[in-house]
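Visitor: Please take one part of this protein and go through it closely. I would like the aromatic residues and whatever surrounds them.

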Amino acid sequence: MPAPKTLTSLTRAALLVLLSTAPVAMAQAEDLALPVGSQAERSATNMPEHGLSQASVRARWGEPQAVRGPVGQPPITRWVYATFTVYFEGDRVIHSVLNPK
C-alpha cells in the first residue's frame with residue numbers, strides 16, 4: 001500500500017503542538033556581568049562640576065592629556081585627564097565621567 005500524501009489531522013495537530021512549543025523550550029536567559037564604577041568611587045573622585053568654564057577646569061586640574069573636538073552643533077569638546085574625562089558644550093562643563101580602569 002502506498003504512503004499517504006497528506007498528513008492526518010491527528011499528525012498535523014501533533015506537529016503543530018511540537019513546532020509551537022519548540023521556541024519556548026529553546027529560549028534561555030543569559031547573565032552578563034559588566035564592570036561599572038560605583039557611585040562611591042565617583043563621589044570620592046574630585047571631578048569638574050556641571051557649569052564650570054574651560055578656564056576654571058584648566059586652572060584647577062591643569063592641562064588635559066588629550067583634547068577631542070569640538071564636534072557637532074552645539075559644539076561638544078572632550079578633555080581627557082588621567083582618571084576622568086570632561087565633556088563641554090561650548091565653554092561649559094556638561095558632564096564628567098570616570099575613565100575605565
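Guide: What follows starts with the overall layout and then turns to the aromatic residues and their surroundings.

This is a predicted model, in which local features need pLDDT of at least 70 and side-chain atom pairs count only at pLDDT 80 or more, while totals for chains, interfaces and linings use all residues. Residues are numbered from 1 along each chain as its sequence is written, and side-chain values use heavy atoms, with hydrogens and water left out.

The protein has three helices and four strands, in the order α-α-α-β-β-β-β from the N terminus. Helices (H or I, at least four residues) and strands (E, at least two) are DSSP runs, numbered from the N terminus. Of the 101 residues, 18% are buried, where buried means under 20% relative accessible area with a 1.4 Å probe, counting protein chains only.

The structure holds three aromatic pairs. Rings of Phe, Tyr and Trp (its six-membered ring) pair if their centres lie within 6.5 Å; planes under 30 degrees apart count as stacked, over 60 as edge-to-face and the rest as tilted. W61 and F84 form an edge-to-face pair, with 6.2 Å from centre to centre and 80° between the planes. W61 belongs to helix α3 (residues 54–61) and F84 to strand β3 (residues 84–89), so this pair ties together parts that are 23 residues apart in sequence. Y81 and F84 also pair, here stacked, at 5.0 Å centre to centre and 25° between the planes. W61, Y81 and F84 make up one aromatic cluster. Y81 has a relative accessibility of 6% and therefore counts as buried; F84 is buried at 4%, and W61 is buried as well.

The largest nonpolar core has nine residues: M47, V57, W61, W79, Y81, F84, V86, F88 and V93. A nonpolar core is a set of buried Ala, Val, Leu, Ile, Met, Phe, Trp, Tyr and Cys residues joined through side-chain atoms within 4.5 Å. Helix α3 and strand β3 are the elements that give two or more residues to this core, and β3 supplies the largest share, three residues.

Strand β3 pairs on two sides of the sequence. Two strands pair if DSSP finds at least two bridges between them. Strand β2 (residues 76–80) and β3 are antiparallel over five bridges, and they form a hairpin with three residues between them. W79 has V86 of β3 as its bridge partner. Strand β4 (residues 92–98) and β3 are antiparallel over six bridges, with F84 opposite L98 of β4. The hairpin of β3 and β4 has two residues between the strands, and G90 there takes a positive phi near 65°.

F88 is another member of the core. Setting aside neighbours within four places in sequence, F88 is in contact (heavy atoms within 4.5 Å) with L52, S53, Q54, V57, P75, I76, T77, W79, V93 and I94. Among these, S53 sits in the loop between α2 (39–44) and α3. S53 is buried, at a relative accessible area of 10%. Not counting residues up to four places away in sequence, S53 touches F88, D91 and R92.

How values were computed:
Buried means under 20% relative accessible area, exposed over 50%, partly exposed in between (1.4 Å probe, protein chains only).
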